[in-house]
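Biologist: I have a chain open on my screen and want a plain walk through it. Take it piece by piece, please.

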Amino acid sequence: MIKIQFDEMGNYKMDKASKPMLDVDGQIQHLLSKGVRFEITSEADAREYLRKNNNYFKLRAYRKNFPKHPGGQFAGQYINLDFAMLKDLAIIDMRLRYTLLQMVLDVEHFAKIKLLRAVEDSDNDGYEIVEGFFLYLQESDKKNNTSRYNSLIHELDRNKNNPYCGGIISKYEGCYPVWAFIEIVPLGSLINFIMFTADMLNREDLRDDAYLLLTIRTLRNAAAHSNCILHNMGAKDSAHAVNYGLLRELMSRSQAADIEITKATRKNQLKNARMSQIATLLYAHSIMITSEGVYTRTRQLLFELVDRMYHHIDYYEDNKTILSSFDFFQKMVDIFFGDSYNGGTRKK
């Protein structure tokens with residue numbers, strides 16, 4: 001752990017000696033000291049991979065999926081961990097991030113379309129609902145001593161020169177219609193706006209959409225910023241209850257498809273924050289996407305991803321954490337995307 005120290009002026013300084021920067025040879029030696037083997041992948045090939053293909057700090061994050069020797073001569077070293085396994089998980093994780101990010105963008109897009117249809121079907125002119133949202137934020141900020149309104153206005157001002165949305169902001173500044181507003185606000189504000197609209201129009205289905213987006217928001221950011229997703233699949237760190245619709249569909253559709261997922265397995269897997277968010281995204285995509293083409297494309301990407309997960313599954317024959325996580329993911333893909341597009345009947 002890096003020690004934080006303060007100088008006589010009260011400024012902090014770090015003890016950098018406790019965590020020195022390692023060159024590639026030092027990285028290999030550090031992995032060896034932790035019990036990582038170089039049998040499937042040689043040390044020479046590992047050096048080449050670290051120099052050209054990946055960040056050591058990111059790669060070693062996947063070690064958390066492997067147990068350590070509890071005592072004895074090899075205490076603290078990882079059990080049955082070869083460098084090739086870290087490399088394999090990094091590749092799978094990259095493809096997972098790309099696929100999940102595309103799915104989240106699909107969900108955002110179709111959530112906006114559904115929101116627009118809801119406003120169009122009401123007696124709102126498209127401007128009134130946005131004005132009401134601004135007033136709601138101002139009143140809420142006064143009541144709760146928050147600053148959501150000012151933060152949103154600052155975000156819009158900051159993007160006036162943005163080549164992608166600056167023109168919309170300049171054209172409608174001070175009087176945004178809903179169809180323009182939803183294209184220029186960040187996801188957090190979009191979720192708040194969907195929730196506000198759900199209350200104004202008494203649309204429980206929009207409220208459900210907002211909660212689904214809220215759950216997958218962190219996953220979206222992780223995928224967009226290239227954060228590791230499969231780095232700690234054994235952790236039981238989910239702080240939120242699982243969406244009821246997701247649980248209902250997992251149970252009913254698994255039974256209909258004769259796919260066995262025990263209650264204990266479902267509960268255990270969804271206690272992991274990453275798996276819970278992935279499951280929520282798969283469910284949200286399956287019920288919110290109304291395009292057969294988008295559904296079919298996503299289905300193909302997910303099937304290819306599952307195939308890649310199992311390409312070197314023999315690496316993990318003694319690793320229950322990875323095997324159970326991959327198995328649960330595959331079953332969720334089969335449950336939500338195992339059939340051909342059926343015209344959106346899964347939304348009923």
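Modeller: One term before anything else: helices (H or I, at least four residues) and strands (E, at least two) are DSSP runs, numbered from the N terminus. This is a predicted model, in which local features need pLDDT of at least 70 and side-chain atom pairs count only at pLDDT 80 or more, while totals for chains, interfaces and linings use all residues. Residues are numbered from 1 along each chain as its sequence is written, and side-chain values use heavy atoms, with hydrogens and water left out.

Biologist: Fine. How many helices and strands does the protein chain have?

Modeller: The count is 15 helices and 2 strands. The C-alpha trace spans about 75 × 65 × 35 Å along its principal axes.

Biologist: And what percentage of the 348 residues counts as buried?

Modeller: 44% of them. Buried means under 20% relative accessible area, exposed means over 50%, and partly exposed is in between (1.4 Å probe, protein chains only).

Biologist: What about contacts between residues at least 6 apart in sequence: what share joins residues at least 24 apart?

Modeller: 71% of those contacts do. A contact here is a pair of heavy atoms within 4.5 Å.

Biologist: Let's go to H9. Where is Asn-202 found?

Modeller: Asn-202 sits in the loop between H9 and helix H10 (204-224). Its phi is positive, about 55°, although it is not a glycine.

Biologist: Is that residue buried or exposed?

Modeller: Asn-202 has 67% relative accessibility, so it counts as exposed.

Biologist: Left-handed or right-handed?

Modeller: Left-handed. That label applies if the near helix is turned anticlockwise from the far one by less than a right angle, and right-handed applies if clockwise. Among the residues in the contact are Ile-191 and Asp-199 of H9, with Tyr-211 and Arg-217 of H10. The contact divides into 10 nonpolar, 2 polar and 4 charged residues. In that scheme Ala, Val, Leu, Ile, Met, Phe, Trp, Tyr, Cys and Pro are nonpolar, Asp, Glu, Lys and Arg are charged, and the others, Gly among them, are polar.

Biologist: How does H9 pack with H4?

Modeller: Helix H4 (residues 83-121) and helix H9 (residues 187-201) pack at an angle of about 30°, with their axes 11 Å apart. H4 is therefore roughly parallel to H9. This crossing is left-handed. Leu-115 and Val-119 are among the H4 residues that meet H9, where the residues include Phe-193 and Ile-194. The contact has 9 nonpolar, 1 polar and 2 charged residues.

Biologist: Which residues of helix H1 are buried?

Modeller: Val-24, Gly-26, Gln-27, Ile-28 and Leu-31, in a helix that runs over residues 24-33. They pack against helix H2 (43-52), helix H3 (56-59) and H4.

Biologist: New topic. Where does Phe-66 lie?

Modeller: In the loop between H3 and H4. Phe-66 counts as buried because its relative accessibility is 6%. Not counting residues up to four places away in sequence, Phe-66 touches residues including Tyr-78, Leu-89, Tyr-316 and Ile-322.

Biologist: Last one, Gln-269. Which side chain does it make a polar contact with?

Modeller: That of Ser-324, at 3.3 Å. A polar contact is a pair of N or O atoms within 3.5 Å; within protein, one must be able to donate a hydrogen and the other to accept it, and residues adjacent in sequence count only if both atoms are side-chain atoms. Gln-269 belongs to helix H12 (residues 263-270) and is buried, with a relative accessible area of 5%.

Conventions:
Axes are lines fitted to C-alpha atoms, for helices over the stretch in contact, and angles run from 0 to 180 degrees between N-to-C directions. Angles under 35 degrees count as roughly parallel, over 145 as roughly antiparallel, 65 to 115 as roughly perpendicular and the rest as oblique.
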